[in-house]
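Q: Could you walk me through how to read this model, one feature at a time?

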Amino acid sequence: MDIQAYFARIGHDGPLTPDRATLSTLMQAHLAAFPFENLDVQLKRPVSIAPDAIFAKLVTHRRGGWCFEQNGLFGRVLEALGFEVRRICAGVMRHVHGAQAMGNHLALVVMLEGRPWLVDVGFGGMQAAPLPLLPTEAHHAPYDVALREAEGWWRFEERYGAGDPFSYDFRDAPADEALLARRCDELQTRPESPFVQNLVVLQRRGDRHTTLRGRVLTERGPEGETQELLPDARTLVERLDQRFGLQVPEAAELWDGIRARHAALFPDET
């Protein structure tokens with residue numbers, strides 16, 4: 001791994017001491033550089049979790065990725081700097097979907113100051129800073145986040161305004177790597193996977209968060225929320241570049257499917 005190329009990609013030339021200040025700075029820089037995105041899944045391109053493939057995609061080709069790629073890369077960088085890192089399996093909305101959700105999310109636990117901290121750059125930018133593995137609440141603008149104990153599990157929750165929380169559950173134990181690999185394959189191939197069904201791109205830059213789901217672009221920041229309904233394929237390609245730094249002109253091929261899904265879900269919208 002060319003770690004200097006990674007630092008150039010995220011624009012970091014500051015301290016590299018393995019402490020909380022460095023970890024927080026790197027986390028913010030990583031989130032601002034790499035969008036969470038599933039363009040390869042939508043374009044029916046295999047997504048590899050091999051370290052070299054992840055580095056080539058995210059750093060060399062200046063793309064984003066999902067949790068298996070983002071936390072996979074970030075964990076390797078932290079280890080190279082001397083941090084003690086543990087990969088963990090998590091289950092998004094496990095309390096709703098049950099055991100079958102386990103392994104559909106990869107997160108990290110980093111030992112700092114004598115205790116474990118949850119570090120996650122692969123959950124769409126909801127978590128903006130390390131969280132001690134203790135019952136806690138914090139405001140990571142524009143979201144409220146929390147860690148709670150739930151019947152032998154840890155639960156990470158994020159909430160925007162008065163909306164319902166979105167969460168994942170985990171235990172502080174080494175990841176089942178075979179399970180993660182299997183879930184990564186399932187999420188990019190099974191028809192019921194939300195990543196197969198719809199385009200999803202998310203990114204945090206400071207206290208601003210941008211989301212593209214299908215043809216709906218949402219911007220959240222200190223002044224509130226705005227939405228744009230994308231009108232055509234050309235605008236889709238432009239917004240991917242302008243808002244997320246993703247130069248993927250072939251995304252125009254996805255437009256007919258995106259428009260049809262939106263019409264099925266929201267028949268009253270043009």
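**Reading the model**

Q: How many nonpolar, polar and charged residues are in the lining of the largest pocket?
A: The lining holds 21 nonpolar, 16 polar and 12 charged residues. Here Ala, Val, Leu, Ile, Met, Phe, Trp, Tyr, Cys and Pro count as nonpolar, Asp, Glu, Lys and Arg as charged, and the others, Gly among them, as polar. Keep in mind that this is a predicted model: local features need pLDDT of at least 70 and side-chain atom pairs pLDDT 80 or more, while totals for chains, interfaces and linings use all residues. Residues are numbered from 1 along each chain as its sequence is written, and side-chain values use heavy atoms, without hydrogens and water.

Q: What is the volume of the largest pocket, and which residues are closest to its centre?
A: Rolling a probe the size of a water molecule over the atoms shows where empty space is left. The volume here is about 1,400 Å³, and of the 49 lining residues, Val92, Phe166, Pro194, Phe195 and Arg213 are the closest to the centre. Helix H10 (residues 255–265) gives the most to the lining, with 4 residues. (A pocket is an open set of points on a 1 Å grid over the protein atoms alone, where a 1.4 Å probe fits, with protein on both sides within 12 Å along at least five of seven lines; lining residues have an atom within 4 Å of a point. Points join across faces, edges and corners, and the volume is the space filled by probe spheres set on them. Helices, H or I, have at least four residues and strands, E, at least two, as DSSP runs numbered from the N terminus.)

Q: At what angle do H1 and H2 pack?
A: Two packed helices are described by the angle between their axes and the distance between the axes. H1 (residues 3–10) and H2 (residues 20–33) pack at about 70 degrees, with axes 8 Å apart, and are therefore roughly perpendicular.

Q: Which residues of H1 and H2 meet?
A: Tyr6, Phe7, Arg9 and Ile10 in H1 meet Leu26, Ala29, His30 and Ala33 in H2. They divide into 6 nonpolar, 1 polar and 1 charged.

Q: Where is the cis peptide bond?
A: Alanine 141 and proline 142 are joined by one, with omega of about 5 degrees. Proline 142 sits in the loop between strands S6 (136–140) and S7 (143–150).

Q: What is phi of lysine 44?
A: Near 60 degrees, a positive value in a residue other than glycine. Lysine 44 lies in the loop between helices H3 (39–42) and H4 (51–60).

Key: Axes fitted to C-alpha atoms, helices over the stretch in contact; angles between N-to-C directions. Parallel < 35°, antiparallel > 145°, perpendicular 65-115°, else oblique. Contact = heavy atoms within 4.5 Å.
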